[in-house]
Amino acid sequence: MAGVGKAVAEFEDLLPVMAEKLGGEGLMRELSNGFELLMDKERGVITVESLKRNAAVLGLQDLRHDELVSMVEEGDTDGDGALSEMEFCVLMFRLSPGLMEESRLLLEEFLQQELESSAFY
Ligand SMILES: [Ca+2]
């Protein structure tokens with residue numbers, strides 16, 4: 001699991017900085033971009049195969065197959081074997097405890113805005 005640990009450590013360093021710079025909405029947009037880079041274009045979800053194909057984009061090419069599998073399993077809350085965009089975002093936040101602390105407020109603010117804007121449409 002050394003590869004996962006290293007990748008996670010990099011996210012831990014990166015995400016709080018991004019959160020601070022971009023604010024909640026910008027951070028969600030970055031995560032969403034990351035999701036699009038990693039997803040299976042035909043299915044619109046991240047699978048182990050799409051993760052493997054695109055992992056190099058995020059510098060995760062050193063992760064072994066079973067590490068990629070366990071990443072997907074860890075994030076897959078509805079058990080369909082793939083990561084939806086929301087599952088991916090939640091996983092990224094879970095992998096980064098520092099980010100959770102620092103950006104929970106930003107995230108809440110963002111979700112609040114989303115709720116408010118969706119209430120108007
Ligand atoms: Ca899923």
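**Helices and core of a predicted chain**

Phenylalanine 88 counts as buried because 25 C-beta neighbours lie inside 10 Å of this residue. The structure discussed here is a predicted model, in which local features need pLDDT of at least 70, side-chain atom pairs count only at pLDDT 80 or more, and totals for chains, interfaces and linings use all residues. Residues are numbered from 1 along each chain as its sequence is written. A residue is called buried if 20 or more other C-beta atoms lie within 10 Å of its own, exposed if 12 or fewer do, and partly exposed in between, with C-beta atoms placed from the backbone.

The chain has five helices and zero strands, and its pattern along the sequence reads α-α-α-α-α. These elements are DSSP runs numbered from the N terminus, where a helix (H or I) has at least four residues and a strand (E) at least two. Of the 121 residues of the chain, 21% are buried. Two residues are said to be in contact if their C-beta atoms, placed from the backbone, lie within 7 Å. Among contacts between residues at least 6 apart in sequence, 57% join residues at least 24 apart.

Attention now turns to the core. A nonpolar core is a set of buried Ala, Val, Leu, Ile, Met, Phe, Trp, Tyr and Cys residues joined through C-beta atoms within 7 Å. The largest such core in this model has 14 residues, and Ile46, Val72 and Leu83 have the most contacts inside it. Two elements, α1 (2-38) and α3 (65-75), each give two or more residues to this core. Helix α3 gives the most, with three residues.

What does leucine 83 contact beyond four places in sequence? Its partners are Val45, Ile46, Val72, Gly75, Asp76, Phe88 and Leu91. Phenylalanine 88, which sits in helix α4 (residues 85-95), touches Phe35, Ile46, Gly75 and Leu83 when residues up to four places away are not counted. The C-alpha atoms of phenylalanine 88 and glutamate 74 are 10.0 Å apart, although the two residues are 14 apart in sequence.

Helix α3 shows how a helix can have two faces. Its buried residues are Leu68, Met71, Val72 and Gly75. Seen down the axis of α3, these buried residues fall within an arc of 95 degrees, so they line one face of the helix; the arc is that of the directions from the helix axis to the C-beta atoms. The face of α3 turned away from this buried side carries Asp66 and Glu73, which are exposed.

Two further residues complete the picture. Serine 50 lies in helix α2 (residues 48-54) and counts as buried because it has 21 C-beta neighbours inside 10 Å. Beyond four places in sequence, serine 50 is in contact with Leu38, Met39 and Asp40. Its C-alpha atom is separated by 9.7 Å from that of alanine 82, 32 residues apart along the chain.

Threonine 47 is found in the loop between α1 and α2. Is this threonine 47 buried or partly exposed? With 19 C-beta neighbours inside 10 Å, threonine 47 counts as partly exposed. Leaving aside neighbours within four places in sequence, threonine 47 contacts Asp40 and Ala82. Threonine 47 and valine 69 are 8.7 Å apart, C-alpha to C-alpha, and 22 residues apart in sequence.
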